[in-house]
Amino acid sequence: MNIEVEIKIAIDNFEEIKAKVSTVGKLIKSIHQIDDYYNPIHKDFLGQKPQPTEWLRLRTNPDKVIFEYDKAINMQADGNYEYAEEYETEISNKEEFTKILAFLDFKKAITVDKQREYWDCGDLEIALDRIKDLGDFIEVEAKGDFKNTDEARKACIKFLDNLGIKNIDQVEIKKGYPVMLLEKIKSS
C-alpha cells in the first residue's frame with residue numbers, strides 16, 4: 001500500500017509551467033496513458049457525492065498494464081480527504097483481464113486518455129497532463145519521507161507557489177479526471 005498526498009491544478013500555460021518545472025526537476029518520462037475506470041454492478045464508485053471515495057482503474061502504459069484500487073481515507077463533508085490508500089498489481093494479459101471483469105459484472109464507466117510527463121523534483125513527483133477533451137493540468141504528489149500528511153501537503157503547496165500558482169486552496173481541483181469528464185459529458 002502507498003499513501004498518496006497530491007494537489008491538482010488546471011493550467012492554461014502548459015509550456016510556461018513546464019519550463020519552470022524543468023529548472024528544478026528532471027524529466028523522467030513522457031508517456032501516453034489510457035485509464036479505464038470500472039464500477040462493480042452493486043456500486044457506482046464515480047457517482048459517489050461530493051466525490052468518489054474509492055475507484056477502480058485499469059491503466060494502460062506503453063510498457064505495462066496496472067490494475068489499481070484506491071480508497072480515500074478520512075473523507076470530509078466538503079470532499080477533502082487526508083490521503084488515499086493505493087493497491088495495485090501488474091496485469092500480464094489485458095484482454096483476458098477485461099473479460100474477467102465483464103464476467104464479474106464490472107462495467108467500464110469512462111476512459112481518460114492522457115499524455116503525461118513525469119518529473120522528479122526531489123521529494124515531489126510532478127505530473128504535467130494533457131487530457132483529451134478536458135485540458136491541461138499539473139499534479140504535485142509528495143513522494144518523500146514526510147513526518148505526516150500535513151507536512152507533505154505543505155511541501156506540495158510550496159512547490160506550486162514557487163511556480164507562480166497562487167491561491168492554491170481556491171484553485172485546487174478535488175475531483176479526478178474521470179469525474180470531470182463525466183460531468184462535462186452530462187453538461188453537453
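1. The side chains of asparagine 61 and glutamine 33 make a polar contact at 2.8 Å, a polar contact being a pair of N or O atoms within 3.5 Å in which, within protein, one must be able to donate a hydrogen and the other to accept it, with residues adjacent in sequence counting only if both atoms are side-chain atoms. This is a predicted model, in which local features need pLDDT of at least 70 and side-chain atom pairs count only at pLDDT 80 or more, while totals for chains, interfaces and linings use all residues. Residues are numbered from 1 along each chain as its sequence is written, and side-chain values use heavy atoms, with hydrogens and water left out.

2. Asparagine 61 sits in the loop between strand E4 (54–60) and strand E5 (65–73), where helices (H or I, at least four residues) and strands (E, at least two) are DSSP runs numbered from the N terminus. Asparagine 61 is buried at a relative accessible area of 11%; buried means under 20%, exposed over 50% and partly exposed in between, with a 1.4 Å probe and protein chains only. Neighbours within four places in sequence aside, asparagine 61 is in contact (heavy atoms within 4.5 Å) with Ile31, His32, Gln33 and Ile66.

3. The largest nonpolar core has 23 residues, and those with the most contacts inside it are Val21, Ile126, Ile138 and Leu160; such a core is a set of buried Ala, Val, Leu, Ile, Met, Phe, Trp, Tyr and Cys residues joined through side-chain atoms within 4.5 Å. At least two of its residues come from each of strand E2 (6–11), helix H1 (14–24), strand E7 (106–121), strand E8 (124–131), strand E9 (135–142) and helix H3 (149–162), and H3 gives the most, with 4 residues.

4. Isoleucine 126, leaving aside neighbours within four places in sequence, has contacts that include Val21, Trp119, Cys121, Ile138 and Phe159. A second, separate core of 13 residues includes Tyr37, Ile110, Val112 and Phe137.

5. With a disulfide taken as a pair of cysteine sulfur atoms within 2.5 Å, the count comes to 0. The sulfur of cysteine 121 has its closest cysteine sulfur, in cysteine 156, at 11 Å, which is too far for a bond. Cysteine 121 is buried at a relative accessible area of 11%, and cysteine 156 is buried at 0%.

6. In helix H5 (residues 177–187), the residues Tyr177, Pro178, Val179, Met180 and Leu181 are buried, and what covers the buried residues of H5 includes E2, strand E3 (26–40), E7, E8 and E9.
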